[in-house]
Amino acid sequence: MPQEISVSYQAIKSKVYRLIDALVTGEKSEAEIQESIHRWWCLIHPADRPIAQKYLMMVLDRSGSALEGISDGLSTAIESSMPFDQISSRRMKIVERLAKETQVRSVV
């Protein structure tokens with residue numbers, strides 16, 4: 001019997017945040033995160049993928065905005081030579097790449 005995967009906004013947000021936490025804590029590498037999201041996506045019923053993609057894009061967009069806000073807040077609060085813009089830019093590229101890959105997979 002196939003495993004049921006919830007495509008609710010909360011379930012998808014929870015999945016994304018667990019993956020982010022695993023990357024931050026060093027439990028998983030970027031490649032492992034990509035493989036994990038690929039396996040997860042394959043478990044979603046094709047009929048549920050459009051709503052899953054919609055919610056995933058919402059979560060990724062809001063997460064990207066949160067990262068930018070954190071970066072901007074730190075750069076404003078701390079007069080430092082640390083290049084927070086580069087950190088934010090790199091993270092945004094990761095989020096954008098994940099979003100593009102998700103869109104490509106949903107078409108396939």
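The structure is a predicted model, in which local features need pLDDT of at least 70, side-chain atom pairs count only at pLDDT 80 or more, and totals for chains, interfaces and linings use all residues. Residues are numbered from 1 along each chain as its sequence is written, and side-chain values use heavy atoms, with hydrogens and water left out.

**Helix α2**

- Helix α2 covers residues 30-43; helices here are DSSP runs of H or I with at least four residues, numbered from the N terminus.
- α2 has 14 residues and spans 20 Å from first C-alpha to last, close to the 20 Å expected at 1.5 Å a residue. The expected span is 1.5 Å times one less than the number of residues.
- I33, S36, I37, W40 and W41 are buried in α2. Buried means under 20% relative accessible area, exposed over 50%, and partly exposed in between, with a 1.4 Å probe and protein chains only.
- These buried residues line one face of α2, because they fall within an arc of 135 degrees seen down its axis. The arc is taken over the directions from the helix axis to the C-beta atoms.

**S36**

- S36 counts as buried because its relative accessibility is 5%.
- Beyond its neighbours within four places in sequence, S36 contacts K15, L19 and K28. Contact means heavy atoms within 4.5 Å.

**Salt bridge**

- The whole structure holds 1 salt bridge, defined as a side-chain nitrogen of Lys or Arg within 4 Å of a carboxyl oxygen of Asp or Glu.
- R39 pairs with E35, and their closest N and O atoms are 3.8 Å apart.
- R39 and E35 are 4 residues apart in α2, so about one helical turn separates them.
- R39 is partly exposed at 46%, and E35 is partly exposed at 39%.

**Largest pocket**

- The largest pocket has a volume of about 540 Å³. A pocket is an open set of points on a 1 Å grid over the protein atoms alone, where a 1.4 Å probe fits, with protein on both sides within 12 Å along at least five of seven lines. Volume is the space filled by probe spheres set on the points, which are joined across faces, edges and corners.
- α1 (9-25), α2, α3 (49-77) and α4 (84-107) each supply at least two lining residues.

**S6**

- S6 sits in the segment before α1 and is partly exposed at 41%.
- S6 and L43 are 37 residues apart in sequence and 10.0 Å apart in space, C-alpha to C-alpha.

Terms used: 1 Å grid on protein atoms, 1.4 Å probe; cavity = no way out; pocket = protein on both sides within 12 Å on 5 of 7 lines; lining within 4 Å.
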